[in-house]
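Please walk through this structure with the model open beside the text.

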Amino acid sequence: MVLDGLWEIAKPCLPPARVRPQGGGVANIDDEAVFAAIVYVLVSGCVWRALPPCFGASKSTVYRRFLIWSRAGVWGRLHHKVLEILADRGLVGLSRAVLDSAHVWAGKGGELAGPSPMDRGRPGSTMHVLSDANGLPLVVGVCAANVHDSLGLKPMVAHFHIGHELHGGHSQPKRLHAGTAYDLSGLRQWLCSRHIGVRIARMGIESSDRLGRRRWVIERTISWLTGYRRLSPRYERHPRNYLAFLGLAAALCCYKRLLKLTM
């Protein structure tokens with residue numbers, strides 16, 4: 001079931017329906033029903049062919065619309081739109097941001113699925129998450145499990161934007177908290193060049209646990225995301241489809257926070 005009010009935000013993000021120039025054909029299935037079915041697949045983790053008939057759309061229709069919307073970037077726009085609404089209400093905390101990653105088993109393989117050093121070389125992917133001070137997922141990404149976590153820092157931070165300055169006069173995090181996996185001088189210099197304070201645990205000097213009072217929120221955020229059963233394990237062979245589900249999950253997490261804080 002789609003959360004109340006989410007469809008009104010998602011609807012403008014959808015591409016216009018294709019119209020046959022010669023006319024005729026079968027009327028399109030209602031977009032709202034298809035959207036609800038896609039959310040159901042994300043939450044339940046069911047395969048497309050197991051979609052219940054209550055949505056009034058066939059599995060092939062829902063899957064085809066999911067591919068069209070994913071290629072059109074619908075899920076990223078939805079996530080960004082919900083973040084903008086939160087930002088307008090002063091609910092995005094950029095006094096600091098927190099970056100972390102989590103291993104996801106990818107039994108079906110596919111692109112961006114490599115041998116995992118954490119799982120005896122079994123195929124896997126790494127989910128990267130950048131959150132605000134309160135654990136709201138700001139940016140999500142995916143890479144192969146055999147790619148070092150540190151390579152995800154620059155793209156995750158660089159791809160964050162809201163589009164306008166937030167309350168407090170800044171539109172990027174003031175500080176970044178991360179574990180020892182990101183302790184590289186080049187990354188520290190890069191963050192400083194962007195005027196972002198560095199709070200990265202130093203390898204061999206301090207443990208990541210010392211930053212735990214700031215970083216626990218990202219562990220909770222990753223738990224929220226992996227709670228959507230379509231994300232863990234990774235069922236999608238094509239990384240674009242997995243990232244689409246990940247973006248939708250991030251949008252749902254943000255929207256739930258919006259509902260909770262505005263009730």
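The second largest pocket has a volume of about 430 Å³. The model is a predicted one. Of the 21 lining residues, Trp75, Gly76, His79, Val140 and Leu243 are the closest to the pocket centre. H4 gives the most, with 6 residues. By class, the lining divides into 11 nonpolar, 9 polar and 1 charged.

Helix H4 covers residues 74-88, and helix H8 covers residues 239-262. Their axes lie 8 Å apart, at an angle of about 20°. Angles under 35 degrees count as roughly parallel, so H4 is roughly parallel to H8. The crossing of H4 past H8 is left-handed.

Which residues of H4 meet H8? They are Trp75, Leu78, His79, Val82, Leu83, Ile85 and Leu86. On the H8 side, the partners are Ala244, Gly247, Leu248, Ala250, Ala251, Cys254, Tyr255 and Leu258. This contact has 13 nonpolar residues, 2 polar and no charged. Trp75 and His79 of H4 belong to this contact, and Trp75 and His79 are also among the residues closest to the pocket centre.

H8 has another partner, H2. Helix H2 runs over residues 31-44. The axes of H2 and H8 come within 11 Å and cross at roughly 95°. The range of 65 to 115 degrees counts as roughly perpendicular, so H2 is roughly perpendicular to H8. From H2, the contact takes Phe35, Ile38, Val39, Val41 and Leu42. From H8, it takes Phe245, Leu248, Ala249 and Leu252. The contact of H2 with H8 has 9 nonpolar residues, no polar and no charged. Leu248 of H8 meets H2, and Leu248 is also in the contact with H4.

H2 packs against H3 as well. Their axes are 10 Å apart, and the angle is about 90°. H2 and H3 are therefore roughly perpendicular to each other. H2 brings Asp31, Val34, Phe35, Ala37 and Ile38, while H3 brings Val62, Arg65, Phe66 and Trp69. By class, this contact has 7 nonpolar, no polar and 2 charged residues. Phe35 and Ile38 of H2 take part here, and Phe35 and Ile38 also meet H8.

Two backbone details remain. Most residues other than glycine have a negative phi, and most peptide bonds are trans. Where is the cis peptide bond? It joins serine 232 and proline 233, with omega at about 5°. Proline 233 lies in the loop between helix H7 (212-226) and H8. The other detail is a phi value. Arginine 120 is not a glycine, yet its phi is positive, at about 55°. Arginine 120 is found in the loop between strand S2 (114-115) and strand S3 (123-132).

Notes. Residues are numbered from 1 along each chain as its sequence is written. This is a predicted model: local features need pLDDT of at least 70, side-chain atom pairs count only at pLDDT 80 or more; totals for chains, interfaces and linings use all residues. Side-chain values use heavy atoms; hydrogens and water are left out. Axes are lines fitted to C-alpha atoms, for helices over the stretch in contact, and angles run from 0 to 180 degrees between N-to-C directions. Helices (H or I, at least four residues) and strands (E, at least two) are DSSP runs, numbered from the N terminus. Angles under 35 degrees count as roughly parallel, over 145 as roughly antiparallel, 65 to 115 as roughly perpendicular and the rest as oblique. A crossing is left-handed if the near helix is turned anticlockwise from the far one by less than a right angle, and right-handed if clockwise. Contact means heavy atoms within 4.5 Å. Ala, Val, Leu, Ile, Met, Phe, Trp, Tyr, Cys and Pro count as nonpolar, Asp, Glu, Lys and Arg as charged, and the others, Gly among them, as polar. On a 1 Å grid over the protein atoms alone, a cavity is a set of points where a 1.4 Å probe fits but cannot get out, and a pocket is an open set with protein on both sides within 12 Å along at least five of seven lines; lining residues have an atom within 4 Å of a point. Grid points are joined across faces, edges and corners, and a volume is the space filled by probe spheres set on the points.
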